[in-house]
Amino acid sequence: MTIFPDSVETDRLRLRRLTAEEIAPLDLYELCSAPEMEQITRYLPWDPHETPRETAAFLDEMAEAWAAGDHAAYAIRPREGQTG
């Protein structure tokens, strides 16, 4: 059992636990390796992903951290009817 909720919803957003079931690893890789991520990640504790394998390892790390109750990572999306 974990201390984190699987999902959180606000008036405009849906946050779902970051898993391979929620977002395909290759789709996440495309997001995390996009050229504009260089500018975004300079403010984050991680760098753009260089390979799909790195993204898969990231998802594995998130699953382990979730199970241990260390931290939670979420995919953030607009709720139905909301724009991004």
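Reader: What does R77 count as, going by its relative accessibility?
Author: The general idea is a set of cut-offs: buried is under 20% relative accessible area, exposed is over 50%, and partly exposed is in between, with a 1.4 Å probe and protein chains only. R77 comes out at 28%, so it counts as partly exposed. Before we go on, keep in mind that this is a predicted model, where local features need pLDDT of at least 70, side-chain atom pairs count only at pLDDT 80 or more, and totals for chains, interfaces and linings use all residues. Residues are numbered from 1 along each chain as its sequence is written, while side-chain values use heavy atoms, with hydrogens and water left out.

Reader: Which residue forms a salt bridge with R77?
Author: For a salt bridge, look for a side-chain nitrogen of Lys or Arg within 4 Å of a carboxyl oxygen of Asp or Glu. Here R77 pairs with E22, and their closest N and O atoms are 2.6 Å apart. E22 sits in the loop between β2 (13-17) and α1 while R77 is in strand β3, so the bridge ties together parts that are 55 residues apart in sequence. At 23% relative accessibility, E22 is partly exposed as well.

Reader: How many salt bridges does the rule give in total?
Author: The count comes to three. E9 bridges to R16 at 3.4 Å, N to O, and the side chains of E9 and R79 also meet at 3.4 Å, N to O. Put together, E9, R16 and R79 form a network of salt bridges. E9 is partly exposed, with a relative accessible area of 42%, and R79 is partly exposed at 30%.

Reader: You keep naming strands and helices. What pattern do they follow along the sequence?
Author: Helices (H or I, at least four residues) and strands (E, at least two) are DSSP runs, numbered from the N terminus. Read that way, this chain goes β-β-α-α-α-β, with three helices and three strands. Its C-alpha atoms fill a box of roughly 35 × 30 × 25 Å along the principal axes. Of the 84 residues, 23% count as buried.

Reader: Where is L59, and is it buried or exposed?
Author: L59 is in helix α3, and with a relative accessible area of 7% it is buried. L59 and T19 are 40 residues apart in sequence and 6.3 Å apart in space, C-alpha to C-alpha. R12 and L59, on the other hand, are 47 residues apart in sequence and 25 Å apart in space, C-alpha to C-alpha. R12 lies in the loop between β1 and β2 and is exposed, at 53%.

Reader: Which residues lie nearest its centre?
Author: L18, L28, Y74, A75 and I76, out of 14 lining residues. The elements giving two or more residues to this lining are α1 (25-32) and β3 (74-78), and β3 gives the most, with four.

Reader: What is the lining like by class?
Author: Ala, Val, Leu, Ile, Met, Phe, Trp, Tyr, Cys and Pro count as nonpolar, Asp, Glu, Lys and Arg as charged, and the others, Gly among them, as polar. This lining has twelve nonpolar, one polar and one charged residues.

How values were computed. On a 1 Å grid over the protein atoms alone, a cavity is a set of points where a 1.4 Å probe fits but cannot get out, and a pocket is an open set with protein on both sides within 12 Å along at least five of seven lines; lining residues have an atom within 4 Å of a point.
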